[in-house]
Amino acid sequence: MAQRIVLGALFGVVAGIVIEIVLVVFASIWAFVNSVRVDIPGVYMVRPDGSSGFRGLAFEPHPIGLAVTLAVIVVVFVLGALYLGRARNPGRSV
């Protein structure tokens, strides 16, 4: 059981970081291409910024929101690992 929790947490952290990076990159590309503000509430905000005279972006990450999102993903992966462990071994008590 402990092994499943550790592996679920490890995969959850890796998957959470990858998911957050993909979201940040996608939001940044979307904001740059369409010149619109993209807001992932409580997690990340990017908006067009032309204050220097050139086309650019202004970023506002929210560290607490990023951490909470990562924690939720880790919990989902740990619960999934525990559930799959029980589904594979229905006769065994955990």
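Is Arg37 exposed or partly exposed, going by its relative accessibility? Arg37 counts as exposed, at 54% relative accessibility; buried means under 20% relative accessible area, exposed over 50%, and partly exposed in between (1.4 Å probe, protein chains only). The structure is a predicted model, in which local features need pLDDT of at least 70 and side-chain atom pairs count only at pLDDT 80 or more, while totals for chains, interfaces and linings use all residues. Residues are numbered from 1 along each chain as its sequence is written, and side-chain values use heavy atoms, with hydrogens and water left out.

Helices (H or I, at least four residues) and strands (E, at least two) are DSSP runs, numbered from the N terminus. The C-alpha trace spans about 65 × 20 × 15 Å along its principal axes. The radius of gyration of the protein chain is 19 Å, whereas a compact globule of 94 residues would have one near 12 Å; the value is taken over C-alpha atoms, and the globule rule is 2.2 Å times the number of residues to the power 0.38. Of the 94 residues, 23% count as buried.

The surface comes next. A nonpolar patch with about 1000 Å² of accessible area together includes Leu7, Phe11, Val22, Ile64 and Phe77. Helix H1 (2-34) and helix H2 (63-88) are the elements that give two or more residues to this patch, and H1 provides the largest share, six residues. Phe77 lies in helix H2 and is partly exposed, with a relative accessible area of 33%. Patches are made of residues with over 30% relative accessible area and no salt bridge, with like charges joined within 9 Å and nonpolar side chains (Val, Leu, Ile, Met, Phe, Trp, Tyr) within 5 Å. Accessible areas come from the Shrake-Rupley method with a 1.4 Å probe, and for residues only the protein chains shown count as cover.

Two aromatic pairs are present. Rings of Phe, Tyr and Trp (its six-membered ring) pair if their centres lie within 6.5 Å; planes under 30 degrees apart count as stacked, over 60 as edge-to-face and the rest as tilted. Phe26 and Trp30 form a tilted pair, 5.8 Å centre to centre with 35° between the planes. These two residues are separated by about one helical turn because they are four residues apart in helix H1. Tyr44 and Phe59 also form a tilted pair, at 6.3 Å and 35°. This pair links distant parts of the chain, with Tyr44 in strand S2 (residues 44-49) and Phe59 in strand S3 (residues 56-61), 15 residues apart. Tyr44 is buried at 5% relative accessible area, whereas Phe59 is partly exposed at 46%.

Charged side chains complete the picture. Two salt bridges are found, each being a side-chain nitrogen of Lys or Arg within 4 Å of a carboxyl oxygen of Asp or Glu. Arg37 meets Asp39 in one of them (3.7 Å, N to O), and Asp39 is partly exposed, with a relative accessible area of 39%. Glu60 forms a salt bridge with Arg47, the closest N and O atoms being 4.0 Å apart. That pair links distant parts of the chain, Glu60 lying in strand S3 and Arg47 in strand S2, 13 residues apart.
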